[in-house]
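This briefing covers cavities and pockets, strand pairing, aromatic contacts and backbone angles. The sequence and structure come before the details.

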Amino acid sequence: MERWTDWNGSVAEAPVMRWWGWGDPAHPPGLPTHALGFLAEAGIDSRPCPAVALADVQLEPSSLDEAALAGLREIVGGEGVLGDHSERVLHAGGKGYPDLVRMRAGEPEGAPDAIVLPAGRDQVRAVLELCARRSLAVVPFGGGTSVVGGVAPLRGSHAAVIALDLRRMAAVERLDRESMTVTVGAGMRAPALERHLAERRMTLGHFPQSFEYVSLGGCAATRSAGQASTGYGGIERMVRGLRFAAPAGDIDLPAFPASAAGPDLRELLIGSEGVLGVICELDLRVREAPGRRLYEGVFFKDFAAGVSVLRELAQGPAGPDVARLSDEEETRMSLALAGAETVKQRLGQAYLGFRGFRERGCLAILGFEGSPRDVTRRRRHAIALARRAGGLPVGRSPGEAWAKGRFAAPYLRDELLDHGVMVETLETATPWSNLLRLHGDVTGAIDGALAACGTPGLVMCHVSHLYDTGASLYFTFIAAQKQGEELAQWRAVKEAASRAIVAGAGTITHHHAVGRDHSPWMLEEVGREGLAALAALKAEVDPAGIMNPGKLLPEPGPTGRPGL
Ligand SMILES: Cc1cc2nc3c(=O)[nH]c(=O)nc-3n(C[C@H](O)[C@H](O)[C@H](O)COP(=O)(O)OP(=O)(O)OC[C@H]3O[C@@H](n4cnc5c(N)ncnc54)[C@H](O)[C@@H]3O)c2cc1C
C-alpha cells in the first residue's frame, strides 16, 4: 500500500475502511488509560460494548433482478458490479454516529442491492440511463465518510438502490503548471492527490479531518472545508471547472478563472450531494508547496478574548492559515487527555504559573504556511495581537502536537464506542457579532437535551474556519450511551441543537453538508421559494428522481414539493 508522507508523519492511502468504525483497521489503540477515569469523574459511565462480527450483520437479500444486473454488467463489465456481503456492508452507510451505532449492532437500515464501479463518464451516463429506465435509485459514493446520512442506501419509491462507487475514476488527468490547475477523476482520494502534487512541490491544501479517506468528488459534492481553510479556502474556492453527468444529460463547466456569463452553475453543482447527478471530473486550483509550516499555541484568558483576536486576525491583512480556538471545556478536556506530565512539557512554566489560565484558559492553535519570510511576518503580527489582548504564547509544542494528531481523533471515537460512550459532533457558522451568543445557545441546548435524556455529559466547542465576516463553531459532545435507546437519545440531542442553531441565526451546516440528517432544516435555511427552485432544478436534470433520494431536499410535503 502506498503512503502519503507529510512534514509531520505519514498517512495510509486508502486501505479498506473498518466497516464498524473509522479508518485503517491496523491503526493502534490510542485512548489514554486515564481517559475513562476522567469521564467517570465527569459523571459519564462506561461499560464494554463490542461490535458484532461482520458475518452477523443482517442484510436483506438484493432486490435487483437478473435483467438489471446483466444490464449493469454490460456497461461496466462483470468485475464492476459487486454484491458480496462485505461490500454491501461497507456501502450500507457513512461514518456518522447513528451509522456506527446501527452498524456495530449489526442492524444497518439497509444496504445497496449492488455496488457499481464505473470506469469513466460514458459508463456513468449509461448506468444512470439504465437506472432511470428501470426505476433504480442511485447513491453516488466517494470515500463514504459522510456524517449526515449522505450515502444512506435509501431507495425512495424505486424498486432497488445501487451505490455508484467512483473508486475506478481516480486518475490525475492533467497538470497545468502555468495556470496552476490539476484535473482529476472524482473518485481520486485526497492523500493520493497530495502525494502526486508533493512530488512536484505543489499542494491542494485541502485537509479535512477525514483526509485519509475522502474523495475529491465527495469533497466537492459536500462543500467540504479543510483544517487550513482559513488560508487555502474551502473546496468551493478550489474547484475551477467540472464535468458532470445527470440522468437528463451532461453539464461541462470549463475552468475559467472567472466569468460573468450569468449565475455561476459551478456553485449549484458544488454541494449538490449527488441529488442532481454525478461529478465525474474536477479542475482544481493548486498552490506551490509551502517552504515552511509553523503551528503554535496561544492561551487566552477566556473564550471571548480569543474570539476577539481571531476576528481581528481574520479581518486584517496577515491572518493565519489554520486558526482553531477551543472553548474552556474543550481546552480542559484536551489537557486532561494529554495528561499532566505532557502538559507540563508542552506548555512549560509560563502557563503553569498562571492559575487563571489553568482554571479557565482557552487554547488556540495558529498555523502559518508559506515562504519562511511570509510565515515569520504573519506569525509576528498574530503573536503581537494576542499579547496585546492578554494572550500567552506557549510555543510550538502544542501546535505540533495538534498537527501530528489531527487525523487521529476519529479513532478515539471508535474506542469510546467500544466503552458505551457516545461521541458526536455538529457544526455551524455565523457572523462575528453573533458568535458568542450562538455558542452559548447551542451549548445550553445540547447540555439540556443530554440532561433530559438522563445522561448528562460534556459539551465543548472550538472556533475554526475564519472569514472576514464570521466563523464556524464546531461542537463535540460526550455522554454515556442510553442502552437500547442510543438512536432516540442521539435524535433528541441533534434536534435540540439544530433548533438552537436555526433559531440563533446560524447555518444548519458549515461543512458537514445536508444529507438526510439536516434536510428537515432546509426550509428554514433557504426558504420556500429557495427550496422550490432547487426542486425545479432537480426535476429538470433528474426527471425520474433516481438520484440520491431522501438527501438534501426534505421529503415532499402535501403539495408534492419538498417540505411544502
Ligand atoms: C471523522 C470525520 C471527520 C470529518 N471531518 C471533516 C472536515 O474536517 N471537513 C469536512 O468538510 N468534512 C468532514 N467530514 C465529513 C466528510 O468527510 C465530508 O463530507 C467529505 O467531503 C465527504 O467526502 P467523501 O468522498 O467521503 O463523500 P461520501 O461520503 O462518499 O459522499 C458524501 C455525499 O456526496 C455525494 N457524492 C460523493 N461523491 C460524489 C460525486 N462524485 N458526485 C456527486 N455526488 C457525490 C454522496 O452521494 C453523498 O451525498 C468528516 C467526516 C468524518 C467521519
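On a 1 Å grid over the protein atoms alone, a cavity is a set of points where a 1.4 Å probe fits but cannot get out, and a pocket is an open set with protein on both sides within 12 Å along at least five of seven lines; lining residues have an atom within 4 Å of a point. Grid points are joined across faces, edges and corners, and a volume is the space filled by probe spheres set on the points. By these rules, a search of the whole structure finds four cavities of 30 Å³ or more.

This is a predicted model, in which local features need pLDDT of at least 70 and side-chain atom pairs count only at pLDDT 80 or more, while totals for chains, interfaces and linings use all residues. Residues are numbered from 1 along each chain as its sequence is written, and side-chain values use heavy atoms, with hydrogens and water left out.

**Cavities and pockets**

- The largest cavity has a volume of about 40 Å³.
- Its lining consists of Ala92, Gly93, Asp99, Arg102, Met103, Pro108 and Glu109.
- Three residues of the lining of the largest cavity are nonpolar, one is polar and three are charged (Ala, Val, Leu, Ile, Met, Phe, Trp, Tyr, Cys and Pro count as nonpolar, Asp, Glu, Lys and Arg as charged, and the others, Gly among them, as polar).
- The second largest pocket holds about 580 Å³ of space.
- Of the 30 residues that line the second largest pocket, Arg223, Ile270, Gly271, Thr509 and Val514 are the closest to its centre.
- Helix H9 (265–269) and helix H19 (522–541) are the elements that give two or more residues to the lining of the second largest pocket; helices (H or I, at least four residues) and strands (E, at least two) are DSSP runs, numbered from the N terminus.
- H19 provides the largest share of that lining, five residues.
- The lining of the second largest pocket divides into 14 nonpolar, ten polar and six charged residues.

**Strand S12 and its partners**

- Eight of the eight residues of strand S12 (residues 278–285) are buried, where buried means under 20% relative accessible area, exposed over 50% and partly exposed in between (1.4 Å probe, protein chains only).
- Strand S8 (residues 181–185) runs antiparallel to S12 and is joined to S12 by five bridges; two strands pair if DSSP finds at least two bridges between them.
- On S8, Val184 stands opposite Leu282 in S12.
- Strand S10 (residues 239–246) is also antiparallel to S12, with six bridges.
- Arg243 has Glu281 in S12 as its bridge partner.
- Leu284 belongs to strand S12 and counts as buried because its relative accessibility is 0%.

**An open sheet**

- Four strands form an open sheet of mixed pairing in the order S3-S4-S6-S5.
- Strand S3 (81–82) and strand S5 (136–141) are the edge strands, each pairing on one side only.
- Six bridges join S5 and strand S6 (residues 160–165) in the parallel sense.
- Val138 stands opposite Ile162 in S6.

**Aromatic contacts**

- Rings of Phe, Tyr and Trp (its six-membered ring) pair if their centres lie within 6.5 Å; planes under 30 degrees apart count as stacked, over 60 as edge-to-face and the rest as tilted.
- By this rule there are four aromatic pairs.
- One of them is Trp22 with Tyr213, edge-to-face at 5.5 Å centre to centre and 75 degrees between the planes.
- This pair links distant parts of the chain, 191 residues apart: Trp22 is in the loop between strand S2 (9–12) and helix H1 (35–41), and Tyr213 is in the loop between strand S9 (202–203) and helix H7 (216–222).
- Trp22 is buried at 3% relative accessibility, and Tyr213 is buried at 1%.
- Phe207 and Phe211 form a tilted pair, 5.1 Å centre to centre with 45 degrees between the planes.
- Phe207 is buried at 4% relative accessibility, and Phe211 is buried at 0%.
- Phe207, Phe211 and Phe407 are linked into a cluster by ring pairs.
- The charged end of Arg406 sits over the ring of Phe207, 5.3 Å from its centre (the criterion is NZ of Lys or CZ of Arg within 6 Å of the ring centre and within 35 degrees of the ring normal).

**Positive phi values**

- Arg201, a residue other than glycine, has a positive phi near 60 degrees.
- Arg201 lies in the loop between helix H6 (190–198) and S9 and is exposed at 67% relative accessibility.
- Ala513, also not glycine, has a positive phi near 85 degrees.
- Ala513 lies in the loop between helix H18 (486–503) and H19 and is buried at 5% relative accessibility.
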